Amino acid sequence: GPPPSPIPPSPPPSPPPSIASVLHLGSASTFALVSKAAISCATSVITGDVGSLAALTGFAPLVAMADYATSDKVVGKIYVGGDTAAAAVADMEKANDVVDIFFTANVADVVLNAGGAIGGLDFTKGVYKFTSFVAITSDITLKGSATDVFIFSVSSYLSIAAGVRVKLDGQVNAANILWQVGGSTSLAAGVHLEGSLLSLGAITLGASASLNGRALSRGAISLAAGTAVSQPGPPSSEL
């Protein structure tokens with residue numbers, strides 16, 4: 001009979017994701033808010049697109065365009081259901097998976113913390129893993145250059161106490177900051193946070209809280225009166 005066909009060589013393993021790829025959010029990058037559930041807002045100012053697979057509350061009056069809607073609360077496009085919102089949600093979930101793979105592949109470089117209260121601390125560039133909840137009870141500062149990257153992975157919930165600010169020192173770019181949260185995320189009244197939230201649970205912003213970043217959630221997103229969310233543009237990370 002004919003000789004057996006040679007066994008094709010196995011493809012080389014995929015390289016682990018780089019820091020830059022962790023910050024890449026795909027089609028979700030143009031969004032300020034993405035939720036797999038409902039999004040509600042009061043008197044909010046949102047800069048960036050809004051996408052939900054469920055319903056919106058508080059954005060009226062909505063003006064329907066060809067394949068999106070607009071609102072006087074949003075500097076951007078609004079997508080409820082449909083392909084664009086579904087793609088943003090899919091890319092949000094893919095980004096979460098990439099963060100998990102990155103942490104596994106770079107375990108030697110991860111700064112491991114037990115979690116708990118981290119108020120008053122300064123952080124330099126790096127990848128930080130908290131094995132329980134994180135409570136930011138007083139101001140923290142992220143220090144570095146325009147290309148420095150800060151990745152925080154919180155295994156449980158993230159809560160930030162009223163009036164607390166996450167401050168940037170030097171040329172740190174909010175687009176280079178990512179907060180991965182395994183539970184819910186709560187910003188109390190008057191909080192200011194820098195960086196994008198990738199939250200498994202609901203995201204809540206209290207009255208007059210602000211986020212220079214994105215709120216991306218598999219749960220609901222709720223914005224109280226006077227809140228502001230502004231997506232910070234593309235990252236400037238070192239490749």
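**Stop 1: arginine 218 and glutamate 93.** Select these two residues in this predicted model. They form a salt bridge, and the closest N and O atoms are 3.8 Å apart. Now colour the chain by position. Arginine 218 sits in the loop between strand E25 (215-217) and strand E26 (221-223). Glutamate 93 belongs to helix H2 (residues 82-105). The pair links distant parts of the chain, 125 residues apart. Is arginine 218 buried, partly exposed or exposed? Its relative accessible area is 30%, so arginine 218 is partly exposed.

Lys36, Glu93 and Arg218 are linked in a network of salt bridges.

**Stop 2: aspartate 122 and lysine 143.** Select both side chains. They meet in a salt bridge, at 3.2 Å from N to O. Aspartate 122 is in strand E12 (residues 122-123), and lysine 143 is in strand E15 (residues 140-144). The two residues are 21 residues apart, and the pair links distant parts of the chain. Aspartate 122 counts as partly exposed, at 48% relative accessibility. Lysine 143 is partly exposed too, with a relative accessible area of 33%.

**Stop 3: aspartate 139 and lysine 167.** Which residue forms a salt bridge with aspartate 139? Select lysine 167: the closest N and O atoms of this pair are 3.7 Å apart. Aspartate 139 lies in the loop between strand E14 (134-136) and E15, while lysine 167 is in strand E18 (residues 166-170), so the pair ties together parts that are 28 residues apart in sequence. Keep the surface on. Aspartate 139 has a relative accessible area of 30% and is partly exposed. Lysine 167, at 36%, is partly exposed as well.

Before moving on, zoom out. How many salt bridges does a search of the whole structure find? The search finds five.

**Stop 4: asparagine 173.** Look at what its side chain reaches. Another is the side chain of serine 236, joined to the side chain of asparagine 173 by a polar contact of 2.9 Å.

Now show the surroundings. Which residues are in contact with asparagine 173, leaving aside its neighbours within four places in sequence? Select Ala146, Pro234, Pro235 and Ser236 to see them.

Notes: Residues are numbered from 1 along each chain as its sequence is written. This is a predicted model: local features need pLDDT of at least 70, side-chain atom pairs count only at pLDDT 80 or more; totals for chains, interfaces and linings use all residues. Side-chain values use heavy atoms; hydrogens and water are left out. A salt bridge is a side-chain nitrogen of Lys or Arg within 4 Å of a carboxyl oxygen of Asp or Glu. Helices (H or I, at least four residues) and strands (E, at least two) are DSSP runs, numbered from the N terminus. Buried means under 20% relative accessible area, exposed over 50%, partly exposed in between (1.4 Å probe, protein chains only). A polar contact is a pair of N or O atoms within 3.5 Å; within protein, one must be able to donate a hydrogen and the other to accept it, and residues adjacent in sequence count only if both atoms are side-chain atoms. Contact means heavy atoms within 4.5 Å.
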